[in-house]
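I opened my notebook to look at one chain. I wanted to know how it is put together inside.

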Amino acid sequence: MPTLRRTALLLSLTLAACSQSHRTLTNPRAKLPTHNPRTFLTSLLTDSYHGKSSAVLDRTAFQNDNQREVFKRLIAIAAGMQAVHDALFAVFPKDPHIGPDPLDAALDSVNTAVIRLEPPDTARIVPPPPGAPFTLIAQNHHWKLDYARTQPGASQPVPRDALRSLDDAAKNLLQLAAAIRKH
């Protein structure tokens, strides 16, 4: 009987250890959000091309304020490109020379992308070439775009005059869209 008890005790300790080990192995995955990274990125891109910069910035992780300032301007440029396309389409709806909708092109790339989950907290969305990969990180059970890992060279500071150039580009696109609509 003592041997049977000892065996039962060893078996229960082994099962407990295996169970704990299993929890440890699967625990890193628990950090990954349950919602689909593709859905998150689709929403983020849609908000970007519609100029909802505060919503996009809130769902993006930055290493410093300079990165945030650059990305804010890139969102404005994307919204300006979308505005120009929408204005052209409104004025010349049947013109085959109007290029593809910028948002639709971005979303097509995301829809055909491969998603790689990398526990404990990363997802990579890799569109077919020439698209560049997006890196998402989990924070508080939600995805965030990891700007530094998504945008090559993002760790380099961008001078104020370059930021002004980006502001001018976005402003010019919006002015062009307004001029096209007046046509």
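My entries on the fold, the cores and the largest pocket follow.

**Overall fold.** I am working with a predicted model. I looked up the elements and found 7 helices and 5 strands in the chain. From the N terminus on, I read the order as α-α-α-β-α-α-β-β-β-β-α-α. Next I checked burial: buried residues make up 30% of the 183 residues. I also looked up contacts between residues at least 6 apart in sequence, and 59% of them join residues at least 24 apart. The chain exposes about 11,500 Å². Carbon and sulfur atoms supply 59% of that area.

**Cores.** Which residues touch the most other members of the largest nonpolar core? I found Leu41, Leu45, Phe71, Leu136 and Trp143, out of 27 residues in this core. Both helices and strands supply at least two residues each, including helix H3 (53–58) and strand E4 (134–139). H2 gives the most to this core, with 5 residues. Another core lies apart from it and has 5 residues, among them Ala83, Val84, Ala177 and Ile180.

**Largest pocket.** I looked up the volume and got about 550 Å³. The lining has 24 residues. Closest to the centre of the pocket are Leu45, Tyr49, Phe71, Phe134 and Gln151. Which element gives the largest share of the lining? I found that H4 does, with 6 residues. H2, H5 and helix H6 (147–150) are among the elements that each supply at least two. Last, I sorted the lining by class: 19 nonpolar, 5 polar and no charged residues.

Technical notes:
Residues numbered from 1 in each chain as written. Predicted model: local features only at pLDDT ≥ 70, side-chain atom pairs only at ≥ 80, totals over all residues. Heavy atoms only, no water. Core = buried A, V, L, I, M, F, W, Y, C linked by side-chain atoms within 4.5 Å. Buried < 20%, exposed > 50% of the residue type's maximum accessible area, 1.4 Å probe, protein only. Helix = DSSP H or I, 4+ residues; strand = E, 2+ residues; numbered from the N terminus. 1 Å grid on protein atoms, 1.4 Å probe; cavity = no way out; pocket = protein on both sides within 12 Å on 5 of 7 lines; lining within 4 Å. Points joined across faces, edges and corners; volume = space filled by probe spheres on them. Nonpolar A, V, L, I, M, F, W, Y, C, P; charged D, E, K, R; others polar. Contact = heavy atoms within 4.5 Å. Areas by Shrake-Rupley, 256 points an atom, 1.4 Å probe, with all protein chains shown as cover.
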